[in-house]
2 protein chains.
Amino acid sequence: MNLLTETLAAIQPVDAALLDKAQARLDNKTKPLGSLGRLEEFARRFAAIRGDLAPDTSRKVIYTFAGDHGVVEEGVSAFPKEVTPQMVLNFLRGGAGVNVLARHVGAEVRVVDVGVDFEFAPEPGLIIRKVARGTRNFTKGPAMTREEAVAAVRVGIELAREAREEGVAMVGTGEMGIGNTTPSSAIISVFSGKPAAEVTHRGTGINDAALANKIRVIEEGVMLNEPDRHDPLDVLATVGGLEIAGIAGLVLGCAANRIPVVIDGFISTAGALIATELHPHVREYIFAAHESVEIGHRFMLEHIGAEPILDLRMRLGEGTGAALAMSLIEAGVKVLKEMATFDEAGVAEQNM
Amino acid sequence: MNLLTETLAAIQPVDAALLDKAQARLDNKTKPLGSLGRLEEFARRFAAIRGDLAPDTSRKVIYTFAGDHGVVEEGVSAFPKEVTPQMVLNFLRGGAGVNVLARHVGAEVRVVDVGVDFEFAPEPGLIIRKVARGTRNFTKGPAMTREEAVAAVRVGIELAREAREEGVAMVGTGEMGIGNTTPSSAIISVFSGKPAAEVTHRGTGINDAALANKIRVIEEGVMLNEPDRHDPLDVLATVGGLEIAGIAGLVLGCAANRIPVVIDGFISTAGALIATELHPHVREYIFAAHESVEIGHRFMLEHIGAEPILDLRMRLGEGTGAALAMSLIEAGVKVLKEMATFDEAGVAEQNM
């Protein structure tokens, strides 16, 4: 538990004076006050998190955590479980959605095997930090032990620390795990107190009967395991997932290391929710990439207090939304760094 | 009138069979069906417009049209009129918002002087095609003669033709013209039949008294000039602007030359609205970059039938929203071109 405790202790609120200084600089740029809207918010927050009014944005990394889910045997997904390792290999070959979008925005993708039920040969781009070969079926007992959950959180924390040492300027989260919208819906159901039916959607595209079954599975899992909503690690261990735990750790680690972290969609937000429940100031380091089609996502974002950047009706995960949002955040930072001031450009200022 | 007539005659509907073929390719990619949401729409439409299922996206150009407005003497803007040429010079030096964002997404900015009340020396990046030194005050008579309006439309058409000859793959629109939200609100007021107060906002940031005055100015201009809503060139000439006319022409020219055109915010959309009123199939070539803070914008987009890509509460114009949206459209096209299929990646397909 030591690393987790140390990490939580290291998380500080973002410096409000720096937020003001960054905004003052933006206000001198050749544009009407506030007219770049949320780009100004991104710039201000990024600068304050980094403690630098002209922050570098060149090194951007997306960590795509992969894990399997015992609950898949209950028929909750449209895809067979074998797709988790198959997609990991697709990521490593550069053919998946997240690879295409990360290349487009100049980000690197690193795949983290934190819990896939398959033995991968080591290869570049793959970080093997397997805690278990998938979770257990949470309709029969807890998905993980508390120790397993903490071990997976620690993987994320360690990756954030390594990112800081490498000089990574911005981190994105992503995930791959057949069945992982089910634990994500279970997590938001527990924290929000809302019935499973209100926070459960079709995942990768199941039909009506399968959706009814998925809701039943979540209800059963929550009823059986009685997760304690005041103990986020208990929620994570009983109805969560290994990749969700890894993301929670990455988000905590980014906050502790002052790295802006861009959370992708529904499953990543479940991980971020665990992190913000563990420490309230974590939310100040989070950028929510986009609004997912998954109906539980909106509740999670409200819980975290994050406003999504994009709404392109995406529901792929992997880090695809994070990649696109990272580029928009970088655009905001470039406004702060590169735009001319009224003085520099010899442009007259606003007179009302 | 010849070039305009020829251009209108050349505009064809986008090939529906190609839209289907592009979607079929997207459906074989390693992702749940439809899970990349609007990125798939962008890819499908871009491919069909270009007539190429693996279209190039490398050459992207934003045309920022600049013009002055006689109506500024009525006190409708928070900035003095001199800011129009000052900002043109800022564009040429690369210090404005559109320069920063265009560089970020790999697009080129070309500034078109179609009606600035200032004589620029020729320099790279500046296209001098001045039709008049600004419009006239539309509260005293028409803003332009019909001939002036058509001449400015022709500038845009010619630029689109040159873009096609150069191999430009995607065009963005932008504008600079102190006072130009006033003619834009007048245009949407005429086409929608809504009172000026419902479609008029604060532009670059005027106060309450100035907003009331701006609404009065628009009402007076519309009452005096009686623009014929069934004659888009009459609306453009009587209450429009030279940069709005240039954008209308660019949009028409892009449609005629099968170049996807990304319209920026409120003023650009006023230009696009004139174009779609001149030819109904034009809308199939348009991508709406973002939802502007200007309240009349939503009505315009509904009129055109375009769904905005971004909503970042921006209201700067220049082509800033277009720059960001062009990168998202390009991301969609790369999904179509670069993602692996299920077969290529050896990934099992969906079973429901």
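This is a predicted model: local features need pLDDT of at least 70, side-chain atom pairs count only at pLDDT 80 or more; totals for chains, interfaces and linings use all residues.
Residues are numbered from 1 along each chain as its sequence is written, chains are lettered from A and ligands numbered from 1 in the order in which they are written, and side-chain values use heavy atoms, with hydrogens and water left out.

Let's start inside chain A. Domain 1 puts 18 residues into the contact and domain 2 puts in 30, with contact meaning heavy atoms within 4.5 Å.

The two domains bury about 2,200 Å² between them, 66% of it on carbon and sulfur atoms. Buried area here is the accessible area (1.4 Å probe) that two parts lose on being put together, summed over both. On the domain 1 side, A:L3, A:I11 and A:I49 lose the most area, together 27% of what that side buries.

What about charges? The rule finds 1 salt bridge across this domain interface, a salt bridge being a side-chain nitrogen of Lys or Arg within 4 Å of a carboxyl oxygen of Asp or Glu. A:E307 and A:R38 also meet in a salt bridge, at 3.7 Å from N to O.

Now, the two chains. Chain B can be laid on chain A with an RMSD of 0.0 Å, by a turn of 180° and a shift of 0.0 Å along the axis. That's the relation of a two-fold axis. In chain B, B:L310 has the C-alpha nearest the axis, 3.3 Å from it. The superposition is by least squares on C-alpha atoms of residues with pLDDT of at least 70 in both copies.

So which surface do they use? 100% of chain B's interface residues are also interface residues in chain A, so the copies meet through the same surface. The contact pairs 62 residues of chain B with 62 residues of chain A, and the chains bury about 4,900 Å² between them, 61% of it on carbon and sulfur atoms.

Here the rule finds 4 salt bridges. And A:E307 turns up again: B:R313 forms a salt bridge with A:E307, with the closest N and O atoms 2.8 Å apart.
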